Amino acid sequence: MQHVKVPQDRLGVLIGDGGETMREIERRAEVRLDIDSESGSVAIDAVGDPVTAMVAPDIVRAIGRGFRPDAALSLLDNDMRMFDLIDIDEATRNKNDLQRQKGRLIGEDGRTRELMEELSGADVVIYGTTLGIIGQPEEVQAVRRAAEMLLDGAPHGAVYGFLERKHNELTRGADLQPSN
């Protein structure tokens with residue numbers, strides 16, 4: 001049995017309308033979820049295939065860090081799909097710096113975060129003091145690198161250029177397939 005802590009304001013999303021999301025996670029990940037709505041603690045117990053159940057804590061964690069349930073459940077779609085979390089707080093000196101860094105990662109009208117998603121193919125969510133990523137390993141790596149560049153003070157233009165190059169690398173393989 002594993003335990004995952006979920007912020008109070010995300011418990012409703014985890015449970016879903018009439019318990020729908022919770023049942024979907026239980027069914028697809030072959031686990032039983034015991035949610036303590038007082039503490040936000042979620043006990044995860046494997047009831048089916050233990051390998052499938054290994055993904056459940058990441059699904060619960062991802063929903064807790066701001067992902068939509070369907071994005072979190074996509075971790076079950078493919079063995080290589082992964083969830084990664086960057087602690088923005090570690091790269092900041094104080095509350096003002098944290099706000100500034102979050103602003104850099106989100107960008108004007110959310111454009112930087114959107115570009116990270118569009119150009120990498122990964123899902124990206126900024127919630128609280130974390131940046132969460134769900135995607136294939138190379139997509140997650142591209143977003144992680146872009147976020148680190150921004151947190152280190154790189155200009156947005158340089159980061160966009162990096163993401164464009166990564167996007168071209170990631171999609172070039174698909175372009176090389178012979179078309180009939």
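Visitor: Which residues in helix 4 are buried?

Guide: This is a predicted model. Buried means under 20% relative accessible area. Helix 4 is mostly covered on that count. Its buried residues are A56, P57, I59, V60, A62, I63 and G64.

Visitor: How many of the residues of helix 4 does that make?

Guide: Helix 4 has nine residues. The buried ones number seven.

Visitor: Which residue just after helix 4 takes a positive phi?

Guide: Look just past the end of helix 4. The phi there is about 105°. The residue is G66.

Visitor: Which residues have the most contacts inside the largest nonpolar core?

Guide: This core has 26 residues. Elements that give two or more residues to the core include helix 1 (8-15), strand 2 (31-36), strand 3 (41-46) and helix 4 (56-64). Helix 4 gives the most, with five residues. The residues with the most contacts inside the core are L14, L33, V42, I44, I59 and V60.

Visitor: What is V42 in contact with, leaving aside its neighbours within four places in sequence?

Guide: V42 is among the residues with the most contacts inside the largest core. L14, L33 and V60 are also in that group. Beyond its sequence neighbours, V42 is in contact with Q2, H3, V4, V6, L14, L33, D34, I35 and V60.

Visitor: How many residues are in the other core, the one with L98?

Guide: This core lies apart from the largest one. Its members include L98, M149, L150 and L151. Its residue count is 23.

Visitor: Is the F67 and F83 pair stacked or edge-to-face?

Guide: The ring centres are 6.0 Å apart. The planes meet at 80°, and over 60 degrees counts as edge-to-face. So the pair of F67 and F83 is edge-to-face.

Visitor: Where in the chain are F67 and F83?

Guide: The pair links distant parts of the chain, 16 residues apart. F67 is buried, with a relative accessible area of 1%. F83 is buried too, at 11%. F67 sits in the loop between helix 4 and helix 5, and F83 in strand 4 (residues 82-87).

Visitor: Is E26 buried or exposed?

Guide: E26 is found in helix 2. Leaving aside its neighbours within four places in sequence, E26 is in contact with V31, R32 and L33. Its relative accessibility is 11%, and the cut-off is under 20%, so E26 counts as buried.

Visitor: At which residues does UniProt place "domain: K Homology"?

Guide: The feature comes from an unreviewed UniProt entry. In the model, residues 1-65 are 48% helix and 25% strand. Residues 80-152 are 51% helix and 23% strand. The UniProt record places the feature at residues 1-65 and 80-152.

Visitor: What radius of gyration does the chain have?

Guide: The chain holds nine helices and six strands. Its C-alpha atoms fill a box of roughly 55 × 45 × 25 Å along the principal axes. With 180 residues, a compact globule would come out near 16 Å, and the value for the chain agrees with that. The chain has a radius of gyration of 18 Å.

Note on methods: Residues numbered from 1 in each chain as written. Predicted model: local features only at pLDDT ≥ 70, side-chain atom pairs only at ≥ 80, totals over all residues. Heavy atoms only, no water. Core = buried A, V, L, I, M, F, W, Y, C linked by side-chain atoms within 4.5 Å. Buried < 20%, exposed > 50% of the residue type's maximum accessible area, 1.4 Å probe, protein only. Helix = DSSP H or I, 4+ residues; strand = E, 2+ residues; numbered from the N terminus. Contact = heavy atoms within 4.5 Å. UniProt positions renumbered as here; feature names shortened; annotations may be inferred. Phe/Tyr/Trp six-rings, centres within 6.5 Å; stacked < 30°, edge-to-face > 60°. Rg over C-alpha atoms; globule rule 2.2 N^0.38 Å.
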